[in-house]
Amino acid sequence: MILTTPSGENIEVAEYVKKWGRSASIALLDPTCEIYKSPHIDGVIGYRCEAGSAFVFGDPLCEQSVKTQLAQSFDEYCKKNNQNVVYTQVSDEFARWGLEHYKGALVQVGEEFFVDPQNNPTEGADARMLRKKINHAKHEGATVLEYTEHRPDLENEFEQAKNQWLSSRKGPQIYLSNVQLFKDRSSKRWFYALKNNRVVGLCMLNRLELKEGWVLNLLMATPDAPNGTTELLVVSVLDILRNEGCHYLTFGVVTAEDLDPILGLNPFTSWCAKKAFKGAKWIFNLDGRRKYWEKYKPQGERSHVLFTRNKISLCDVLGLMKAMNVKL
């Protein structure tokens, strides 16, 4: 995605995501995301404006040495527009700086799950159910291939499979960005599952040079795909990355078991936040997502929401819901 700033400067947002991004940074590739760029610092901040606040996705994308400077430049920009700033899914390091700098509030909402592909999750007695799912998909005739040649006919099949999957999704949803399979091609890889020469599953990766690895941006199976298709896709991708010598693949942020710690909020607000969090986990079945990824034996890094004020209003909560594309 190329953004033209008010000054007329063209910014290749995908290159910033590729060079300095983490898993939350893929939200910047969505057309609904606004992009801030300082005239004096090489870097960008991606955000969505809702309910009078700018909700930022992940850490500022720039060199580590100027990250806080870019954040402060963005603060000044938002103040001129009478906007509050809330950072979502930020790293532990940036969150700690932000809490000290803003004297606001910090809530650990989840963990970024990641694996080293050199470790095989199918090994060991505790991987029996994972192996069972993979073997079932293979027995049903599913195979996994990487898409490497430009084939419009196959891309059309990918789009049809994506649409089937989207149409089959029911109930409340949360998602960072809309599914865009073939935009920003240079930073992506695609893997697909076939059964009877039909596409029944897709997996898409985005490059993260900062980690010398990848983020799993999309994982899906069509309604008629064999049980275990997504597990077969993930394990196949890990096998390929292992052979390439890769040591990092992130699955993105999963919700924490509880909001802990909560810093900077009074006891009553903290109590309300914990109750609301438990309700959201039940409504959106967020524990199910965590349980799914745990079968691949991931490590976790804490992920936070950083409020630049020490009070959370109803507008903040509603704005955060809209920014995170919450659909009830």
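1. Rings of Phe, Tyr and Trp (for Trp, its six-membered ring) count as a pair if their centres lie within 6.5 Å. By that criterion the structure, which is a predicted model, holds 21 aromatic pairs.

2. One of these is formed by Tyr36 and Phe74, with 5.3 Å centre to centre and 55° between the planes, a tilted arrangement. Tyr36 belongs to strand S3 (residues 34-36) and Phe74 to helix H2 (residues 67-80), so the pair ties together parts that are 38 residues apart in sequence.

3. Helix H4 (residues 128-139) and helix H6 (residues 229-243) have axes that come within 8 Å and cross at roughly 105°. Angles of 65 to 115 degrees count as roughly perpendicular, and H4 and H6 are therefore roughly perpendicular to each other.

4. On the H4 side the contact is made by Leu130, Lys133, Ile134, Ala137 and Lys138, which meet Thr229, Glu231, Leu232 and Val235 of H6. Sorted by class, the contact of H4 with H6 has 5 nonpolar, 3 charged and 1 polar residues.

5. The second largest pocket holds about 380 Å³ of space. It is lined by 25 residues, of which Arg22, Asp59, Lys67, Ser91 and Leu210 are the closest to its centre.

6. Which elements give two or more residues to the lining of the second largest pocket? They are strands S6 (61-62), S7 (84-90) and S15 (299-307), together with helix H3 (92-102). By class, the lining of this pocket divides into 10 charged, 9 nonpolar and 6 polar residues.

Technical notes
Residues are numbered from 1 along each chain as its sequence is written. This is a predicted model: local features need pLDDT of at least 70, side-chain atom pairs count only at pLDDT 80 or more; totals for chains, interfaces and linings use all residues. Side-chain values use heavy atoms; hydrogens and water are left out. Axes are lines fitted to C-alpha atoms, for helices over the stretch in contact, and angles run from 0 to 180 degrees between N-to-C directions. Helices (H or I, at least four residues) and strands (E, at least two) are DSSP runs, numbered from the N terminus. Angles under 35 degrees count as roughly parallel, over 145 as roughly antiparallel, 65 to 115 as roughly perpendicular and the rest as oblique. Contact means heavy atoms within 4.5 Å. Ala, Val, Leu, Ile, Met, Phe, Trp, Tyr, Cys and Pro count as nonpolar, Asp, Glu, Lys and Arg as charged, and the others, Gly among them, as polar. On a 1 Å grid over the protein atoms alone, a cavity is a set of points where a 1.4 Å probe fits but cannot get out, and a pocket is an open set with protein on both sides within 12 Å along at least five of seven lines; lining residues have an atom within 4 Å of a point. Grid points are joined across faces, edges and corners, and a volume is the space filled by probe spheres set on the points. Rings of Phe, Tyr and Trp (its six-membered ring) pair if their centres lie within 6.5 Å; planes under 30 degrees apart count as stacked, over 60 as edge-to-face and the rest as tilted.
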